[in-house]
Every structure is written in structure tokens, then in C-alpha cells.
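Hi,

Here is the structure I promised to pass on. Have a look at it first, and then read on for what turned up.

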Amino acid sequence: MEYLATFFTHSGAIKYQKLLRNQGCSVDLMPVPRKVSSNCGVAAKFNYENKIQTIISDDIECLYIVEEKAYKLLYKAGEE
């Protein structure tokens, strides 16, 4: 599955990239797509096959699943 995460801060995005890479996951940092809003303007796009709850961190503002070039919200900080 392909996911897109947005962050509160640039440093949070970099920290999250390291977290995913340490789990063997390929991740690309990129500007947040126009269809999605974000506090810091940086997003992480990655593929992940395990339970997504295992990679939810305090750095994430929102987490989306990417389906046919659309973004479906899966998680938003403060709305658990």
C-alpha cells in the first residue's frame, strides 16, 4: 500500500524518514501535494505492508492512503 504522511515540522519529517528507513522501508520526502494541506509543507511518501499503527508517531500531522491519485485520510493527530 502507498501512503503519504504530513508533519508539524521539517525536523519531524526527517526524523520520520529515518524511522521508516530503519525498518527497511523506502521513503521519499517531497512537497505536500496541493490537494492536501500541512503545517510544514513537507510530506513523506512510502509503501508499507505491515500494520500502519506500528509507524504512527507524534511527528505525524496526518496520514493518507494513496488510491488512484486520490488521498484518503486514515489518521489525524488529536482525532484518535
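This is a predicted model: local features need pLDDT of at least 70, side-chain atom pairs count only at pLDDT 80 or more; totals for chains, interfaces and linings use all residues.

Ala-5 sits in strand β1. Leaving aside residues up to four places away in sequence, Ala-5 touches Tyr-16, Val-42, Ala-43, Ala-44, Phe-46, Cys-62 and Leu-63.

Five strands make up an open sheet with antiparallel pairing, and their order is β2-β3-β1-β4-β5. The edges are taken by β2 (27–31) and β5 (70–76); each has a single partner strand, so one side of each has no neighbour in the sheet. On average, neighbouring strands are turned by 30 degrees against each other, direction ignored. As a reminder, strands of a sheet pair through backbone hydrogen bonds, either parallel or antiparallel. Here, β4 (residues 60–67) and β5 pair in the antiparallel sense over six bridges. If you want to find a bridge there, Glu-67 has Ala-70 of β5 as its bridge partner.

Helix α1 (residues 10–22) lies across β1 (2–7), β2, β3 (42–47) and β4. Relative to β2, helix α1 runs at about 160 degrees.

Next, the charges. How many salt bridges does the structure hold? There are two salt bridges. One of them joins Lys-45 to Glu-2, with the closest N and O atoms 3.9 Å apart. That pair links distant parts of the chain, since Lys-45 is in strand β3 and Glu-2 in strand β1, 43 residues apart. Lys-45 is partly exposed at 25% relative accessible area, and Glu-2 is also partly exposed, at 29%.

Lys-15 forms a salt bridge with Asp-59, and here the closest N and O atoms are 3.6 Å apart. Lys-15 belongs to helix α1 and Asp-59 to the loop between β3 and β4, so this pair ties together parts that are 44 residues apart in sequence. Lys-15 is exposed, with a relative accessible area of 53%, whereas Asp-59 counts as buried at 18%, because buried means under 20%.

On to the rings. The structure holds four aromatic pairs. Tyr-3 and Phe-46 have ring centres 5.7 Å apart and planes at 25 degrees, so they count as stacked. This is another link between distant parts of the chain: Tyr-3 is in strand β1 and Phe-46 in strand β3, 43 residues apart. Tyr-3 and Phe-46 are buried. Phe-7 and Tyr-16 make a tilted pair, 5.4 Å centre to centre with 55 degrees between the planes. Both of these residues, Phe-7 and Tyr-16, are buried. Ring pairs join Tyr-3, Phe-7, Tyr-16 and Phe-46 into a cluster. Recall that Tyr-16 and Phe-46 are among the residues that Ala-5 touches.

Last, the cysteines. How many disulfides are there? The count comes to zero, going by sulfur atoms within 2.5 Å of each other. Cys-25 is buried, with 8% relative accessibility, and Cys-62 is buried too, at 5%. Cys-62 is also one of the residues that Ala-5 touches.

Cheers

Definitions and conventions: Residues are numbered from 1 along each chain as its sequence is written. Side-chain values use heavy atoms; hydrogens and water are left out. Buried means under 20% relative accessible area, exposed over 50%, partly exposed in between (1.4 Å probe, protein chains only). Two strands pair if DSSP finds at least two bridges between them. Helices (H or I, at least four residues) and strands (E, at least two) are DSSP runs, numbered from the N terminus. Axes are lines fitted to C-alpha atoms, for helices over the stretch in contact, and angles run from 0 to 180 degrees between N-to-C directions. Contact means heavy atoms within 4.5 Å. A salt bridge is a side-chain nitrogen of Lys or Arg within 4 Å of a carboxyl oxygen of Asp or Glu. Rings of Phe, Tyr and Trp (its six-membered ring) pair if their centres lie within 6.5 Å; planes under 30 degrees apart count as stacked, over 60 as edge-to-face and the rest as tilted.
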